[in-house]
Structure formats: structure tokens, C-alpha cells
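Hi everyone, thanks for making time. Have the sequence and the 3D view open while I talk, and stop me whenever you like.

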Amino acid sequence: MKLSKEKIKEIYLLMKRCRAFEDRAILELRKGMPGFIHSSVGAEAIPCGLTPFLAPDDYILTTHRGHSDIIARGAGFKATMAELYARETGYCRGVSGSMHIAAMDLNILGATGIVGSGVPLASGVALGCKLQKTDKITVCYFGDGATCTGAFHEGLTFAAAFDLSVLFVLVNNQYEESTHWTYWGGKLNNLAERAKGYGIPGISVDGNDAIAVAEAASKIIPQIRKGGGPVLLEGITYRIYGHHMGDPGTTYRPKEEIEQWRSPEKDPISRLLSYLLKKNILTEKEDQEIDVQLERELDEAVAFAINSKEIEPEDAFRNSVYCGREVDTLKKV
Ligand SMILES: Cc1ncc(C[n+]2csc(CCOP(=O)(O)OP(=O)(O)O)c2C)c(N)n1
Ligand SMILES: [Mg+2]
């Protein structure tokens, strides 16, 4: 499908939102924000390239590295920043932090730090959609490391057996903590080849090329919605920072490799910007205005978070799926 100029610009703006949020979150972390962050910087083209082709009520599940996945889906800066800051105005009233955010108003069902665990959950959600006879799609983001888990096998087996409407989005950032993906998957040319084992389509694209992701998504998503069954879409990208922001990520990766992926020729946002400038879809001045606007929004989001009420230790027990009651009553049990 030929993408319209408007669509490409929309994708670019989403990518800028994701990057700006991540950059600010890292800054706030360094200034003393609680918790820690697994940065998605570098992988923005994958969620931003595909999200514009989803319907508003499709479902999303993501991982410990999911900030861009949810921002691309429309998660607000304020409620996301407040969540990171452990404030009760956050999406999950401050108890999820960076790694477990759910935003039910956007059908973002949650992020999980247990590698691979979202995959069978996504199949379960899609089974629910099928039983309810809806045409909703479930999008499940996970990493290259997750494809080595039993949960990945179970989730894809189940989705294939029941012909479920799941888009499995494999964000191949090439590293599983300090291990390169080829360590476990070295007999494969790419990880989308794993789809063959389940008899479902597996498509691998340059995950730093937002247009390539969008072109693939614009074909795949309508097919899934028509009942075509699950698809595995791999985007090959790069984890720009360490595994989390406390890991420099430089002891097990060659310096030249990191520099190459940070370069404007590789960076997904710089790549799309040069395309937009060349095609006269955007001017440099407009691009700078976008930055100013995003900075303003982020200043407001940080102020909102900092001025919101901090959560108390007892809040960990409130609204919990497991205990489902207030901590006072729990103490009497
Ligand atoms: C089941 C399980 N095993 C191990 C871990 C520790 N761990 C956390 S993230 C991670 C690497 C995951 O790699 P990948 O799936 O590629 O995701 P990425 O971190 O690159 O986004 C590991 C091994 C975990 N959280 N869960
Ligand atoms: Mg990875």
C-alpha cells in the first residue's frame, strides 16, 4: 500500500513523541526519579510504524521495555510520567512504575517483565475476542530473547491452532541483556523464521525504517482483521542504551557497533526526517517547533507528576488482583 504524506508525517510525530518522552524519563531518573528504566530509544519505528493502522479498540500487551509501545498508542505524558514517579495520578495509581503499566482506557492491557509471558496472555485475549465474535486484533510486543522461552512456543502454538487474531511483534533489538540474539538463534537468518514452526506467516523488516514497518503493517493488519490468523512481524533494530539505564552496555558490545547504530544513517528518526525534508513534507523549522512543543508538554508532565501525591507502601496492597482488599483487613487475616 502506498502511504500518504499525512500518514508518514503522523508516524514521524509519534516517533518524536516516543523519543522525547524516553529522553526526559532518563533525565528524570538521573535527577532522582524512583525505580529504573529499560529504554526503548532506537526502536521507535516499530510501534509508531504499525499503530496508525490499528483500530481504537484493538488490544496491546507489551514488555519491560514498553514506553514507546504505549506512547505510540496514545498514552498521555502526564499519567505515564506520574506512574514512573510512583504518584497516585499515574495510569496504575503509581504502583506499576515503568515496567508494568496498563492503561485500560486505551486497551493497553499491561506490560510484563517476565520475559515471554505476554505471548500466551495475548493469545488468551485474542481467544476472548473470538468468542465474543469481535474483529478486534491483539498486538503483542516482545523481544528477541522472548522467542527462546517456552511461553513464546505455547502462545504461538495456541494462536495458530485457534486461528486467533494476534499480531506478534518481535522487537529484535539484537540483545537479550548481554547476549546477542545469534547466540541462541544463530542457525536462523532472522527470528521471523521461527514462525515456520507454527505454520504462520513470519515477516522480517528493517525495524529502523518506519516506512518499511508501516507498509508491512498496512498489509498485515487488515488480513488479520479479516480472520487470516496470527502473524509474526519482526523488526530488526538496536538497543541504543544498556539493558537498563544502570548498565552502560559497553562491556559486551563493540564501541563501533554502538556508534554505527547511533549514527543519523541508522537512527530511525533521523532517517525519516531526511526523507520528509527531501520530499518537502516537513521543513526544518517545523521540526524545531515540534521539539519545542514536546519539551513544553514534558515540562508540564513532570510538574504534574512531582506535584501529585506520592504513594504509600500500603498502596501496594490496594486494588491488587491477588488480595483485592484494603491492607487493614489483610493484617487481620
Ligand atoms: C522468564 C525470565 N527470564 C529471565 C529474566 C531476566 N531478564 C529480564 S529482561 C531479559 C532479556 C530479555 O531480552 P529480550 O526478550 O530480547 O528483551 P529486551 O530486554 O531486549 O527488550 C532477561 C533475561 C526475566 N525477567 N524473565
Ligand atoms: Mg532484545
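**A walk from one loop to the metal site**

Let's start at T51, which sits in the loop between α2 (45-50) and β1 (59-63). Helices (H or I, at least four residues) and strands (E, at least two) are DSSP runs, numbered from the N terminus. Before going on, some ground rules: this is a predicted model, where local features need pLDDT of at least 70, side-chain atom pairs count only at pLDDT 80 or more, and totals for chains, interfaces and linings use all residues. Residues are numbered from 1 along each chain as its sequence is written, chains are lettered from A and ligands numbered from 1 in the order in which they are written, and side-chain values use heavy atoms, with hydrogens and water left out.

Back to T51: is it buried or exposed? Its relative accessibility is 7%, so it counts as buried. Buried means under 20% relative accessible area, exposed over 50%, and partly exposed in between, using a 1.4 Å probe and protein chains only. Not counting residues up to four places away in sequence, T51 touches A72, R73 and Y141, where contact means heavy atoms within 4.5 Å.

Now the sheet. It is open, with six strands in the order β2-β1-β3-β4-β8-β7 and parallel pairing; two strands pair if DSSP finds at least two bridges between them. β2 (108-112) and β7 (202-206) are at the edges with a single partner strand each, so one side of each has no neighbour in the sheet. From one strand to the next, the twist averages 15 degrees.

Please zoom in on β4 (166-172). Seven of its seven residues are buried, so β4 is largely enclosed by the rest of the structure. V166, F168, L170 and N172 point one way, while L167, V169 and V171 point the other way. On one side, β4 pairs with β3 in the parallel sense over six bridges, and V139 stands opposite L167. The chain gets from β3 to β4 through α6, in a right-handed β-α-β crossover. Right-handed means that, with the strands pointing away from the viewer, the path from the first strand over the helix to the second runs clockwise. Six bridges also join β4 to β8, again parallel, with L170 opposite E234.

What about the helix α8 (residues 210-228)? It lies across β4, β7 and β8, at about 155 degrees to β7. For such angles, axes are lines fitted to C-alpha atoms, for helices over the stretch in contact, and angles run from 0 to 180 degrees between N-to-C directions.

On to the core. A nonpolar core is a set of buried Ala, Val, Leu, Ile, Met, Phe, Trp, Tyr and Cys residues joined through side-chain atoms within 4.5 Å. The largest has 66 residues, and L50, M81, V139, L167 and L272 have the most contacts inside it. Helix α1 (residues 5-30) gives the most to this core, with eleven residues.

Last stop, the magnesium ion (ligand 2): which protein donors does it have? They are D144 (OD), N173 (OD1) and Y175 (O), at 2.1 to 2.2 Å. Donors are N, O and S atoms within 2.8 Å of the metal (3.2 Å for Na, K and Ca); water is not among the atoms, so sites may look incomplete. Along the chain, the donor spacing is D-x28-N-x1-Y. D144 and Y175 are both buried.
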